[in-house]
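Please have the sequence and the 3D view ready.

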Amino acid sequence: MWYLCVFYHRLLDYRKPEVESLADLFGAFEDKRRPGNRVLQWRLPQHHHPDSPFYFVDLPSEDVAKNVANRSILVKGIYELWGEGGSYEELEEAVKSYPDERKLPYLGSESTFKITVDSFGKVMSLLEQNERIRGLSYISFKGRVNLKNPDHNFWLMETDDIATNNGLPPVAQRRIFFGREVGGADRKLLPTYQLKSRNYLGPTAMDAEMAFLMANQAQAAPGKLVYDPFVGTGSILVSAAHFGAMTMGADIDIRVVRDGRGPDRNVWSNFKQYGLPMPIALLRADNNLPPWRPGLKEVFDAIICDPPYGVRAGGRKSGGRKLLKGVIGPYTVPDDKRADHIPSTAPYSLAECVHDLLDLAARMLVIGGRLVFFYPVSREEDLCEDHFPEHPCFELVATSEQILSSRYSRVLLTMVKTSSYTEELALAAWMKHLEFKANHSKWLEEGKNLHSSVFSPADVHHSGDSKLSKESKRKYRGKYV
C-alpha cells in the first residue's frame, strides 16, 4: 500500500536509506536471499523537487509503516493519504472519492481525534490554521476532539504556493495533502542524548542524531551484539544500547577505555547516565592487530564505527616508529610497570585502516550482519561506487553523503555480509585493497591534506560588505542541510 512519508528537512541523503534499513528490520521484504533486492518503491508528488520532504512509499502493511515511522530519526510522519490536490477544491473532491470503508473506522462516535495543520516553505497563523480546519466540514467526524491524547491524528499539510527562492527545495506549484497519521518519529530523544549534557566527552564524540542514524542503518535491536572497534567515549554504542542491543567496544588508547577522566566520568558513566545496559566489555585493542583467538568468528551482528581519517583525529596503530623501522626489537613490559604502561603507537593510514576494518568484519560478522562506517571522499569527482572500498564478502546497500567542505565530504557506507570468510576471499580482498590504494593513494595517505581541505580558509568567502545579501542567505543548500 502506498503511504505519504514526510521527512524532516535534514540530512537529505540519509532519509531513504534509513527508512529502507528499518523496513528490512521490521520484515518488509520477503526475499531475504539478496540484500540488493531490499529496496522500497518511492515516487514524488506532482511538481516536487527530489529534495522535497514529501514522498510516497510502498510498504506492505500498516504495522510495518508504524514501526518504521516510530523508530526513525528523520521521518516526521507516515500517513494514510485520504486525498491531495493543487487547491482545496481538488482536495475536497479527492477526500470524498476515497473509499468509505477506509475512512469510516476512524470517524466513529466512540473514538477521539485531532487535526493538525502543517506547512512547508511558509508560516501559517493560528487564524489561518483554524480556517483550514473549518474547511474540512465535509468530512463527517462524529467523535470528540482530544488535543492531548487522541485515538486518531489527522494532518492537513500544505506547501508554499510561490516560486520564490526561500532557501528550500523549489516547488513549482502548491500541493495540499490530507491523511491519517500512522506513526511519527520521537525527536524528544535527541535533546535527551545531546552531547552538551553528556557526562564524558572527547574530541571525536559522534553527534547524537548521527549516532542514532548509524544504529538504524545497522539495525540495532534486542538480542543483537554490536561492536565498535574505535569506541572512544562510546557515543555510537550508547545509541545502539538505546535500541536494546548488546554492545562491545575497543580502542587503542587505554586511557580512554580504562580511565576516562575519573571514576565518575568515563565510558561506563555515559551508559549509567541514561540507564542503559552496560557494555559486555571495553577492550584496549588495535584494529591492526585484533585480539581475537584464531577459531573465533562470526559473533557480531553489526559493526558500527567512525574510523580515524585525519579530520578530527589521525589513526594510530601499535608498534612505534622505532619498532616498525627495526631500530629496536620487540620488548616485554616488566610486571611492576604494566599498570601504568602506555603502549607506543605509530601513524595508521586510512587505506590500511579500512582494509583491516573490512577484514575484521568479514571474519567476525554473522551472515547478513551489517558494517556501517564513515568514509571520506573528494567532491572534485562525481560520487560513484568506484570511490569506495570493496570486499568480496560484502554487498554495498546504502551510501549517504554529508558535505564537510567544498572539496571533501564523508559518506556513511552500509554493507551487508553475504559470504562466509575464506582464505581465497581474503586473498581476493587483498588484491582489491592494493588496486583501491593505488587509485586513491594521492589523498588517502595524506591525512594532513584532508584536514586542511576540510577546514580550508578558502571556503570562507569575504566581501567588502560585512553583511551577506538576502539572496545569498536564501540560496538552496541541498546536501549542506
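## Briefing: a guided look at the model

L11 is buried, with a relative accessible area of 7%; buried means under 20% relative accessible area, exposed over 50% and partly exposed in between, using a 1.4 Å probe and protein chains only. This is a predicted model, in which local features need pLDDT of at least 70, side-chain atom pairs count only at pLDDT 80 or more, and totals for chains, interfaces and linings use all residues. Residues are numbered from 1 along each chain as its sequence is written, and side-chain values use heavy atoms, with hydrogens and water left out.

**Backbone angles to look for**

- Most residues other than glycine have a negative phi.
- L11 is not a glycine, yet its phi is positive, about 45°.
- You can find L11 in the loop between β1 (2-7) and α1; helices (H or I, at least four residues) and strands (E, at least two) are DSSP runs, numbered from the N terminus.
- H47, also not a glycine, has a positive phi of about 65°.
- The loop between β2 (42-43) and β3 (54-58) holds H47, and this residue counts as partly exposed at 37% relative accessibility.

**Helix α1**

- Helix α1 spans residues 15-25 and is mostly covered, with nine of its 11 residues buried.
- Among those buried residues are R15, E18, E20 and D24, along with V19 and L22.
- After α1 comes G27, with a positive phi near 85°.

- Which faces of β17 are covered? Both are: Y408, R410, L412, T414 and V416 on one side are buried, and so are S409, V411, L413, M415 and K417 on the other.
- Strand β15 (residues 365-378) pairs with β17 in the antiparallel sense over nine bridges; two strands pair if DSSP finds at least two bridges between them.
- Across from V416 in β17 stands R370.
- Strand β16 (residues 394-403) also runs antiparallel to β17, joined by nine bridges.
- E401 stands opposite V411 in β17.
- A hairpin is formed by β16 and β17, with four residues between them.

**Aromatic rings**

- How many aromatic pairs does the structure hold? There are 19; rings of Phe, Tyr and Trp (its six-membered ring) pair if their centres lie within 6.5 Å, and planes under 30 degrees apart count as stacked, over 60 as edge-to-face and the rest as tilted.
- One of them is the tilted pair of Y79 and W155, at 5.8 Å centre to centre with 55° between the planes.
- Y79 lies in strand β4 (residues 75-85) and W155 in strand β7 (residues 152-159), so this pair ties together parts that are 76 residues apart in sequence.
- Both partners are buried: Y79 at 1% relative accessibility, and W155 with a relative accessible area of 14%.
- W292 and F300 make an edge-to-face pair, 5.7 Å centre to centre and with 70° between the planes.
- F300 is buried, at 1% relative accessibility.
- One aromatic cluster is formed by W82, Y98, F113, F141, F154 and F178.

**Charges over rings**

- The charged end of R43 sits over the ring of F56, 4.5 Å from its centre; a charge sits over a ring if NZ of Lys or CZ of Arg is within 6 Å of the ring centre and within 35 degrees of the ring normal.
- R410 lies over the face of F374, at 3.9 Å from the ring centre.

**Cavities**

- Three cavities of 30 Å³ or more are counted. On a 1 Å grid over the protein atoms alone, a cavity is a set of points where a 1.4 Å probe fits but cannot get out, and lining residues have an atom within 4 Å of a point.
- The largest cavity has a volume of about 100 Å³; grid points are joined across faces, edges and corners, and a volume is the space filled by probe spheres set on the points.
- Helices α12 (350-364) and α13 (423-444) are the elements that give two or more residues to its lining.
- The lining includes A351, H355, P389, K432 and F436.
- F436 is found in helix α13 and is buried, at 11% relative accessibility.
- The C-alpha atoms of F436 and A351 are separated by 8.4 Å, although these residues are 85 residues apart along the chain.

Notes: 1 Å grid on protein atoms, 1.4 Å probe; cavity = no way out; pocket = protein on both sides within 12 Å on 5 of 7 lines; lining within 4 Å.
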